Amino acid sequence: NNKPPLFQYVGQQQHRRSKQQEIFSPACIDFTRLRPIYARSDKEVAQSLPAVFLWQQWRRGNEAVDIELFDSDAAWLYSDATTVSAPSLFSDKDNSADIFDRASRAFMTRLRDILRNDTLVWLVPDFLNDFELEVIRRNINARFPHAEPLPRSIAAIFAQADPSKITGEGYAIVVIDAICGKTTATKAVAKFDKHLGELLPITRGFYWERCPPVIISSTNDGKPGTYSQEITIVDAQGQWHNATHPAKPPFIDAAQLKRDQRLGNFAFCINLTESPVAGGILLHVLQQQAGHIPLWRNQIPELFIKVMKDGIRRRFDLVSHGTTIIPIRGEPVRISINEMFTLPADRPFYQFPLYMNDSTDDLGYSARLDSPAFPLKKDAVCDLNLSFEYGADEPYKLIFTPRDNSFPPIRTTWRRTEQSV
């Protein structure tokens, strides 16, 4: 093989690493920009990291080289290279692939060199569910033991909503967010807790309950490498493209939203045009003062599988409509499933595609059961025990327990449907 090396240093090596002061206070970070935006607890002002969170893997035959572009002025989108940016960890459909895991690990390793506190609040686009966040969440948790995901809508409310304007329980705000190719409207409803008002008078006793988001429009096709052109790039044809600033999202009028029956009534609308990291870190600071009473709660999406019963394929609910959890790390919340589940005999394993909310298409993930006890000699009636732990590597924990104790309880594994065998 007379080909030159896939990667080599040419000339004198130049150390270009940007100077970045280490930050020892808790911080809130937003990965939806190539240069992530953050705010710290001792200085609640949004700032951008100087590093470009861009990573590539160049391949030629059996050769592969990973390249970190944190301190680059420009990036070459080489035709045989896969490019991953921090925003694409949210926007690409195949964001659970191994290459995204490698990129995410590199990003979080670099971030930990800058943010030295174990506490990190990281903002999540509202349209994503917990299964789609698996790779980035696991890598963040590995570097930041007290990491907490936070929906951008909740951060926006704490950044812009005035508690003195709340007229009573049921007062609702809708947050419009156009990010990663999708525009969402997320409603949050004020709830009252008199003990919260005593502990933290600034809240007047009101906390926020977040409803499932409504997707208004979607332009992202999920193709790999989709990200804002915030640095100079050279495309695969060798053409140079100067850096551009992300365009401001279009303003959506509240009157237009009130015609959308999925949202219902609301009093106030926030059009999110800047990163709400200041609201995210403010929430963290206030939560420290409020102690054990959460300042917000989360309605998690409906989750179900489909099973055959009496010759008819029907819905079997795992998470019902309106299920609300308290978002505290390390405190699993039990979710009741009152219906029993029958595992039919003579199967080497069991696999059930997952469905969410009203979608007729499966989620792209499946619940899978494997056990040395399979195949079963006869049908087994099981109780299902489901719990949800906010921010954990695997938030959903589902266990099948046979009523006749004929085999040990089995914990479900979650996997991409296309990876199933």
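**View 1. Strand β6 joins strand β14 (residues 232-234) through three bridges, and the two run parallel.** The model is predicted: local features need pLDDT of at least 70 and side-chain atom pairs pLDDT 80 or more, while totals for chains, interfaces and linings use all residues. Residue numbers start from 1 along each chain as its sequence is written, and side-chain values use heavy atoms, without hydrogens or water. Strands (E, at least two residues) and helices (H or I, at least four) are DSSP runs numbered from the N terminus. Two strands pair if DSSP finds at least two bridges between them. T232 in β14 is the bridge partner of A74. The open sheet here has three strands in the order β6-β14-β15, with mixed pairing. Its edge strands, β6 (74-76) and β15 (240-241), each pair on one side only.

**View 2. Strands β8 (residues 119-124) and β9 (residues 146-151) pair in the parallel sense over six bridges.** V121 faces E148 in β9. Between β8 and β9 the chain passes through helix α3 (residues 134-143), a right-handed β-α-β crossover. Right-handed means that, with the strands pointing away from the viewer, the path from the first strand over the helix to the second runs clockwise.

**View 3. Strand β2 (residues 37-40) takes part in two hairpins.** Six residues lie between β1 and β2. Strand β1 (residues 27-30) pairs with β2 in the antiparallel sense over four bridges, and A27 has R40 as its bridge partner. Two residues link β2 to β3. Strand β3 (residues 43-48) is antiparallel to β2, with three bridges; K43 is the partner of R40 there.

**View 4. Side chains of β2 point two ways.** I37 and A39 point one way, Y38 and R40 the other. All are buried, meaning under 20% relative accessible area (1.4 Å probe, protein chains only); over 50% is exposed, and in between is partly exposed.
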